[in-house]
Amino acid sequence: PQAKVSLIDSLRRAAGRLSRDFDVTDQSGNNVSMTPIERKSFLTALGLHRLGRQKSKHPSESLPYLLQADNEWNINIATQWRITVDNYGLLQLDISWTYLLLESMDNLTDAMQRLEIAERVFAGGDGQSGPAPAAVFCRLFLLQGAAYRYVGNVEKSRERLDWAYALCCSLRNVCEGAQVKRLVEALTAEEFHVISALRRTNGNIDQAAALIQEDAEQEAMKAETRNKQHHLGLCQNKTDYVDLDMVGQVQTVLGLMCTSSLADLDYQVSTGLLRLANNDMQKCIDIYQDVERNAEGVSRRFDIYQDVEQNAEGVSRRVRDLDRELEWQGLGKKARNLPIHFKVDEIALATLISMGIDKPTAERALKQADNNVERATSWLTSHQPNDDSHNGESSLPSAITNNGSIPNVASLVHTVATMVSNAGRDSKRARIDKEEMEAEMMAEAQLKASLQDHDLEKDYLGSKLDEEWAFLHKFREEESTNS
């Protein structure tokens, strides 16, 4: 349908605008190195996947979005990400689940192939991603059992369905309703997070509470790491961020003071070298030695710290050149001109800029409106300068006022007709522009929700598994009847 195509196009445009401002991270919270095209496709696929999941109660409407998300993954995203990122495995699982809901026998072969891919991803086929938790495998085994059942492989079907049943029973038993409610109220945590924690601790309430607190602390540390990487900026290859785990190694090898403070000179030197060397240790050493050899007009000093200062200036010059190049290409560090206590919402800012408002004005408007786009637009409208373009003269068309003469009736009728026609076109264009802007805002909101949601935990690890339980009982009852 045209509406769906329009929404997909809006998602792609939104992904292009937002790809710089959102982090793609691995399971450890580190920024992932993707090309700009890969980042855009990844964000588009994530938004489409989220749209498909939101429509899961209507499988025939959900499936086109899921398949389009799969298309984004396969066209522009490198194979290494498809086999190591949980999102791709979850997408294969969701497509296969939708086939089951639709009872689509024509797609049975495709479903089995997708389930094989999902199993490889969740099992951590290359060792880079850890094994997916039991809740994910519960649905995987259920789907595999259903697929084998439909092709007539009774033995394989019974095996996988038995695995799924055992897992489902175990996972549901360790998170009883009373326990979940108690922790939700005590920790003011979300239900899915509590269920996930209880499952990871085998139903131990005290350990689950401690785990929830630990998760929150780790998430804060990951956010701090990402913020520091953004502050430092992209590496020379315009794709990677500084590998902060390498900073201490560089400092040790080069004899610098070991520090993690952004204000310390030695830290600036080591992180600058990593940016220039694309996180390659040997290149860091080579660049540092090259800076020492080419110190302009300054002889070698005996004082070690003065040597560091001298070399730091050489490294800083090269880093500044890199920053200028990145800024020129639109990849520079984000501006932070507003007071530290107020943070502009990037989605709201992008929305106002897409309406033709310059960035400083948009930031001021959002500050006045507390990041509310509608109130910011109203503020901008009420604070526009007075239009003095006519300087007090009549705003009537020149055909009517030219030389003060009165035109003939035919000319007047033609002029008025032209004005009405132009007004109609302007009104239609304004309505279309408004619809397109609303579509863009909705698309960006979808992307923001996809990126901020804990998809894996919320949709799987913290799921009550009610749907899986219903299907398992259905299959077991049918098998009992047939036997």
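In helix α10, the buried residues are F192, H193, V194, I195, S196, A197, L198 and R199. The model examined here is predicted. Helix α10 spans residues 191–200, and because 8 of its 10 residues are buried, it is largely enclosed by the rest of the structure. Just after this helix, N202 adopts a positive phi of about 55°.

The packing of helices α9 and α11 was examined next. Two packed helices are described by the angle between their axes and the distance between the axes. Helix α9 (residues 177–187) packs with helix α11 (residues 205–232) at an angle of about 40°, and their axes lie 11 Å apart. Angles between 35 and 65 degrees count as oblique, and α9 and α11 are therefore oblique to each other. Their crossing is right-handed. On the α9 side, the contact is made by Q179, R182, L183 and L187, and on the α11 side by I205, A208, A209 and I212. By class, the residues of this contact comprise 6 nonpolar, 1 polar and 1 charged.

A further site concerns N279, which is located in the loop between α13 (265–276) and α14 (281–293). The relative accessible area of N279 is 16%; since buried means under 20%, N279 is buried. The side chain of N279 reaches the backbone nitrogen of D243 at 2.9 Å. Not counting residues up to four places away in sequence, N279 touches C235, D240, Y241, V242, D243, M246 and L274.

Conventions. Residues numbered from 1 in each chain as written. Predicted model: local features only at pLDDT ≥ 70, side-chain atom pairs only at ≥ 80, totals over all residues. Heavy atoms only, no water. Buried < 20%, exposed > 50% of the residue type's maximum accessible area, 1.4 Å probe, protein only. Helix = DSSP H or I, 4+ residues; strand = E, 2+ residues; numbered from the N terminus. Polar contact = N/O pair within 3.5 Å; in protein donor to acceptor, adjacent residues only side chain to side chain. Contact = heavy atoms within 4.5 Å. Axes fitted to C-alpha atoms, helices over the stretch in contact; angles between N-to-C directions. Parallel < 35°, antiparallel > 145°, perpendicular 65-115°, else oblique. Left-handed = near helix turned anticlockwise from the far one by under 90°. Nonpolar A, V, L, I, M, F, W, Y, C, P; charged D, E, K, R; others polar.
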